Amino acid sequence: MSDKGMTIHLKIWRQARGAKTGKFVDYTVQNIQPAMSFLEMLDILNEDLVKKGEEAVEFDSDCREGICGTCGLVIKGTAHGPHAATTTCEVRMRGFKDGETITVEPFRAGPFPVIKDLVVDRTAFDRIQQQGGYVSANVGSAPDGNAVPVSKYYADKAMDVASCIGCGACVAACPNASASLFVSAKISQLSRLPQGGLERGRRALAMVAQMDQEGFGDCSNHGECEAVCPKEISIENIALMRREYMRGALKGD
Amino acid sequence: MSTNRKLDAKIPGGPLALKWERHKMDNPLVAPGGNRRKFTVIVVGTGLAGGGAAATMGELGYNVLNFCIQDTPRRAHSVAAQGGINAAKDYQNDGDSIERLFYDTIKGGDYRSREANVYRLAELSTGIIDQCVAMGVPFAREYGGTLANRSFGGVQVSRTFYARGQTGQQLLLGVYSALSRQVQAGTVKMFPRYEMLDLVLVDGRARGIIARDLTTGEIKRYAADAVVLATGGYSPVYYLSTNAVNCNATAIWRAHRRGALFSNPCYTQIHPTAVPHMGDYQSKLSLMSESLRNDGRVWVPKKPGETRRPSDIPEAERDYYLERRYPAFGNLVPRDIAARAAKVECDAGKHAYMSPYSVYLDFGDAIQRLGRDVVADRYGNLFSMYEEIIGDNPYQVPMMIYPAPHYTMGGLWVDYNLQATIEGLFVAGEANFSDHGANRLGASALMQGLADGYFVVPRVVASYLAGAKLQAVKTDHPAFAAVENDVRGLIGRLLAIKGHRTVREIHWDLGRIMWDKVGMARDAAGLKEAIARIGELRGQFWHELALSGTDADLNKQLEQAARLADYLELGELMARDALMREESCGGHFRNEHQTPDGEAKRDDANFCFVSAWEYTGENREPVMHREHLAFENVELKTRSYK
Ligand SMILES: Cc1cc2nc3c(=O)[nH]c(=O)nc-3n(C[C@H](O)[C@H](O)[C@H](O)COP(=O)(O)OP(=O)(O)OC[C@H]3O[C@@H](n4cnc5c(N)ncnc54)[C@H](O)[C@@H]3O)c2cc1C
Ligand code: FES
């Protein structure tokens, strides 16, 4: 690497809005510092493109610190890049070599249609959530916060899965484009808390039905989802989701 | 220029503790069922304030249209809050009360907020926790199953509820789940990837918005009986801040241009503990939660220009300047004080080795005292985030931190009912000015967001709707066509510039001016210079901006350019407000107004008021109005944390 930083070659998926498909386009960016984030590197590319009068590469991001779930790129073939337990926006350039070629693609899955370039439509997740990813407690109806004790063990377990950021990497990584890790995270959070327990059966049935209707595939235990999940949500939750589903189907509550 | 237009805050009569209860009793209601369905309410924003308001109004039966910029409401910037949310539950039996939370918040805000609003906030805080628990928010718990608390800067009780370092995320997911339920029930219609670009007034009342569909670029009209703006804060006016890259002032600024007064724009919060600025490529400064100051000790080398690594600097050559200057609160002084103290040290050449703008936050003692595991349990996620960014391991090497723009206390002026100076326009959450005075205490923005969203907005909007006797208005009303035309004109103007400088380059320049001259310490000469330079930069923007692509497409550069156009006006107003305020208070520090030992010197005789600026046209001087602040329940004191 020279003082001027690294040179990086990019193969980026470009797809016009409304087009059925797109293609990889090659770009080169210079003067890339190791401490830069991957998205800051793309910012620089976009400034170069705009100055040349070319259209910027569209990609989503917002918080740029790994919590909002907006960003999501397949970098060198892996959702959110080669590092475990990070989101795309947390990927730093120090993990790449001077002169390296990096492919950049959107999160691909049937239920996540590409809107433009690297931006995809993940509203299917919202529709699944709308089917029951909640506790039916209107504002105003709550008892005192300490009225119902919750064991620290279960509260922590619930928090482990509640940390899902809804980014969709699990779907992008799954050969079947299954949304099971995402859906199971919500089902498992709420069924582990007394407040969510009352609607558990109904919730599992409705969310799973919507997941199927959106066109997400079945889980066949590949485990790719867990490997790319930036919040390290465990695949165990999928087994729990199946139990909850059975419970709902058999007991009807 | 300043005049005295009467600003009526509509504070209800009676004793402080009974105002809100009485107000609820005295104001009209809309009966349940079909009556409520007849009213349409636009809510812009899906954070704690907007999402909370939309869901709750949906539960009550109103017809709600809810807009956000992100692809789903669950990503509003509230999601990024780390540390916690305050509530006067007194579960720790350590002497907390509504009264004390009220008092701490008023004092924390350096006596520049409205008593009645702050009291209501403290009063509603307890119900927020109950509601969140009922919705399945997995707050931290003790082994016995009860809710856990931690303490936050500027107070002496433990009243902060939290969910690891992800409290904002969990509260927002609670809001999102309530919203999802209402979308399913058909009461709330969601508009993700939409940006409000202007406000439509009919007969002087807010009756709708013009929004751009960010996917297709289409400009669309929406009509309603009331409009609620809950569009968050605007710290990216400094370019680098702890906020998300899409945070903006556009909705409130366009409303300001339509007549809503803008209050206290000079009150900004520079958070003391963020990752330092390392290079010009940076797009944000990640926050390291304030909770770190519970166990971390802040220090700088005693010797100016020190080049040794921190581990090579012996104890006797370190200055724990917060513990030295503020023995009573030590590392837990409020944010404005901690931030300015870091600046004072760095300006004197005392700083961490890697950057002249950084101080140490050291966990060495905490690890010895508590053990590595306990420290990891409390702060593990923050430590790994830090290591990702900086490349150092905070278990071994002290963290480097520096203040960063974080929160904007200023915002649209609202009365006690959260109504702006435009009737039918309500403003909630960080977008209004109302509850934090000149400095916000930690863990109180989430509290305000949910208090406004779950409890205040649904009540006050209902009484407006019940009392207003509104005519039916549809989007074919000429007022909509006129405003839509303005929006199209603006977008066309931006795309027609065809200059050579990118949005980021110009935004960066604005950020530099703001940080250097309207940042942690300000003076008259610098502020005047800022006003002049921002004016010039605005001229450059309108001649030199480079954009590509079209308006009829997803085009994020265009979105950012339109937001920057507003920042270029707002930045100037912030400087003007700071120049007008000839005192130091909270986050606003004027070098000319300090005590001999460098503390802020307030001027209650002349500045105990809220400024409220009126827009008078592009490149014209704004006019200032005042709301005098009356303190009937607390005594104005010099804030001391010594
Ligand atoms: C890193 C970080 C950590 C923080 N930690 C804490 C903490 O521990 N405790 C605490 O109390 N506070 C904390 N805060 C502050 C707190 O998170 C925010 O002040 C609060 O969440 C703001 O909520 P809001 O609902 O007002 O706005 P936001 O959550 O910012 O929501 C704004 C909404 O408005 C939408 N919007 C904006 N403009 C438009 C437009 N023109 N058209 C359509 N939609 C629009 C956005 O899409 C979004 O949905 C933190 C802030 C940051 C940045
Ligand atoms: S941009 Fe928020 S998680 Fe990456």
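Author: Ala, Val, Leu, Ile, Met, Phe, Trp, Tyr, Cys and Pro count as nonpolar, Asp, Glu, Lys and Arg as charged, and the others, Gly among them, as polar. By that sorting, the lining of the second largest cavity has ten nonpolar, ten polar and nine charged residues.

Reader: ok, and what kind of model is this, and how are things numbered?

Author: This is a predicted model, where local features need pLDDT of at least 70, side-chain atom pairs count only at pLDDT 80 or more, and totals for chains, interfaces and linings use all residues. Residues are numbered from 1 along each chain as its sequence is written, chains are lettered from A and ligands numbered from 1 in the order in which they are written, and side-chain values use heavy atoms, with hydrogens and water left out.

Reader: back to that cavity. What counts as a cavity, and how many are there?

Author: On a 1 Å grid over the protein atoms alone, a cavity is a set of points where a 1.4 Å probe fits but cannot get out; a pocket is an open set with protein on both sides within 12 Å along at least five of seven lines, and lining residues have an atom within 4 Å of a point. Across the whole structure, the search gives 17 cavities of 30 Å³ or more.

Reader: what volume does the second largest cavity have, and which residues lie nearest its centre?

Author: Its volume is about 550 Å³, where a volume is the space filled by probe spheres set on the points, and grid points are joined across faces, edges and corners. The lining of this cavity has 29 residues, with A:D43, A:R64, B:V245, B:Q557 and B:Q560 nearest the centre. Two or more lining residues come from each of α1 (38–51) of chain A and α14 (503–517) and α16 (556–580) of chain B. Helices (H or I, at least four residues) and strands (E, at least two) are DSSP runs, numbered from the N terminus. The most comes from α16(B), with six residues.

Reader: pick a residue in α16(B). Is B:A578 buried or exposed?

Author: B:A578 lies in helix α16 of chain B and counts as buried, because its relative accessibility is 0%. Buried means under 20% relative accessible area, exposed over 50%, and partly exposed in between (1.4 Å probe, protein chains only). The C-alpha atoms of B:A578 and B:D566 are 18 Å apart, with the two residues twelve apart along the chain.

Reader: switching topic. Where is ligand 1?

Author: Ligand 1 lies between chains A and B.

Reader: which backbone atoms does a nitrogen atom of ligand 1 come up against?

Author: A polar backbone atom of B:G84 is 2.9 Å from a nitrogen atom of ligand 1, and a backbone N or O atom of B:Q82 lies 3.3 Å from a nitrogen atom of the ligand. An oxygen atom of ligand 1 is 3.2 Å from a polar backbone atom of B:S444. The protein buries 97% of the 1000 Å² that ligand 1 exposes when taken alone; accessible areas come from the Shrake-Rupley method with a 1.4 Å probe, and for residues only the protein chains shown count as cover.

Reader: what does the side chain of B:K284 contact?

Author: The side chains of B:K284 and A:E65 are joined by a polar contact of 2.8 Å. A polar contact is a pair of N or O atoms within 3.5 Å; within protein, one must be able to donate a hydrogen and the other to accept it, and residues adjacent in sequence count only if both atoms are side-chain atoms. A polar atom of the B:K284 side chain also lies 3.1 Å from the backbone oxygen of B:T242. B:K284 sits in the loop between β11 (268–274) and β12 (297–301) of chain B and is buried, because its relative accessibility is 6%.

Note on methods. Near = heavy atom within 4 Å.
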